[in-house]
Amino acid sequence: MYSRHFATIAVGLLLAGCSSSTDPTTPGVDVSIQTGAETRGSSAFAPSPFTLSLADDGTVKWRNGDVGTTGGAYGTGATAGTTHTITSDTQGLFDSGSLAPGATFEHTFTAPGSYHYHCSIHPTMTGVIVVNP
Ligand SMILES: [Cu+2]
């Protein structure tokens, strides 16, 4: 009887561990904004630098993966997601505007180069896209 009760608790803990992730992999996403991104500086966007080629259509798709967590079995330790932006350091080149947790943004590059960008809400968040011919 005791051991059966223990087994139930163990299974419950395993399930709680598995359900803590609310950041499913999204097909086609190239760069993800990381959990707690506003404190991560140049690691806020990953991968960064992200390299692609114009021959392979030149489109980058970002996802705001800073979606928070559901916490433990009763929501203990749950955290909210955070809105960010994908904003080119070169004004006007590209800007996602406010990107809610889980939302995606795409930009198609048309010329080779290194493109630096940041989050306009948390300017210490920085990333780089390297576009090859
Ligand atoms: Cu941000």
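Here are some questions and answers about this predicted model.

Q: Which atoms coordinate the copper ion, and what makes them donors?
A: They are ND1 of His84, SG of Cys119 and ND1 of His122, at 2.0 to 2.1 Å from the copper ion. A donor here is an N, O or S atom within 2.8 Å of the metal, so these three atoms qualify. Along the chain, the donors follow the spacing H-x34-C-x2-H.

Q: Why is Cys119 called buried?
A: Buried means under 20% relative accessible area. Cys119 has 0% relative accessibility, so Cys119 counts as buried.

Q: Why does His122 count as buried?
A: The value for His122 is 17% relative accessibility, and because the cut-off is under 20%, His122 counts as buried.

Q: Where is Thr82 found, and is Thr82 buried or exposed?
A: Thr82 lies in the loop between strand 6 (79-80) and strand 7. Its relative accessible area is 18%, which is under 20%, so Thr82 is buried. Leaving aside neighbours within four places in sequence, Thr82 is in contact with residues including Glu38, Asn64, Asp66 and the copper ligand His122.

Q: What makes a set of residues a nonpolar core, and how many residues does the largest one have?
A: The members are buried residues of kinds such as Val, Ile, Phe and Trp, joined through side-chain atoms within 4.5 Å. The largest nonpolar core has 20 residues, and those with the most contacts inside it are Phe45, Trp62, Ile86 and Ile129. Strand 1 (31-33), strand 3 (50-53), strand 4 (59-64), strand 9 (113-118) and strand 10 (126-132) each supply at least two residues of this core.

Q: What does Ile129 touch?
A: Not counting residues up to four places away in sequence, Ile129 touches a list of residues, among them Val31, Phe50, Leu52, Val60, Trp62 and Phe109.

Q: Why are strand 3 and strand 7 said to stand at the edges?
A: Four strands form an open sheet in the order 3-10-9-7, with mixed pairing. Strand 3 and strand 7 (87-88) each have a single partner strand, so one side of each has no neighbour in the sheet.

Q: How do you know that strand 7 and strand 9 pair?
A: Pairing requires at least two bridges. Strand 7 and strand 9 are joined over two bridges, in the antiparallel sense, so they pair. Thr87 stands opposite His118 in strand 9.

Q: Which strands pair with strand 4, and in what sense?
A: Strand 8 pairs with strand 4 in the antiparallel sense over five bridges. Two of the residue pairs are Thr59 with Thr108 and Trp62 with Phe105. Strand 1 pairs with strand 4 in the parallel sense over three bridges, and here the bridge partner of Ser32 is Arg63.

Q: What makes strand 4 mostly covered?
A: Five of the six residues of strand 4 are buried.

Q: How do the side chains along strand 8 alternate?
A: In strand 8 (residues 104-108), Phe105 and His107 point to one face and are buried.

Q: Why is His107 called buried?
A: With a relative accessible area of 16%, His107 falls under the 20% cut-off, so His107 is buried. Not counting residues up to four places away in sequence, His107 touches Gly58, Thr59, Val60, Trp62, Leu93 and Phe94.

Note on methods. Residues are numbered from 1 along each chain as its sequence is written. This is a predicted model: local features need pLDDT of at least 70, side-chain atom pairs count only at pLDDT 80 or more; totals for chains, interfaces and linings use all residues. Side-chain values use heavy atoms; hydrogens and water are left out. Donors are N, O and S atoms within 2.8 Å of the metal (3.2 Å for Na, K and Ca); water is not among the atoms, so sites may look incomplete. Buried means under 20% relative accessible area, exposed over 50%, partly exposed in between (1.4 Å probe, protein chains only). Contact means heavy atoms within 4.5 Å.
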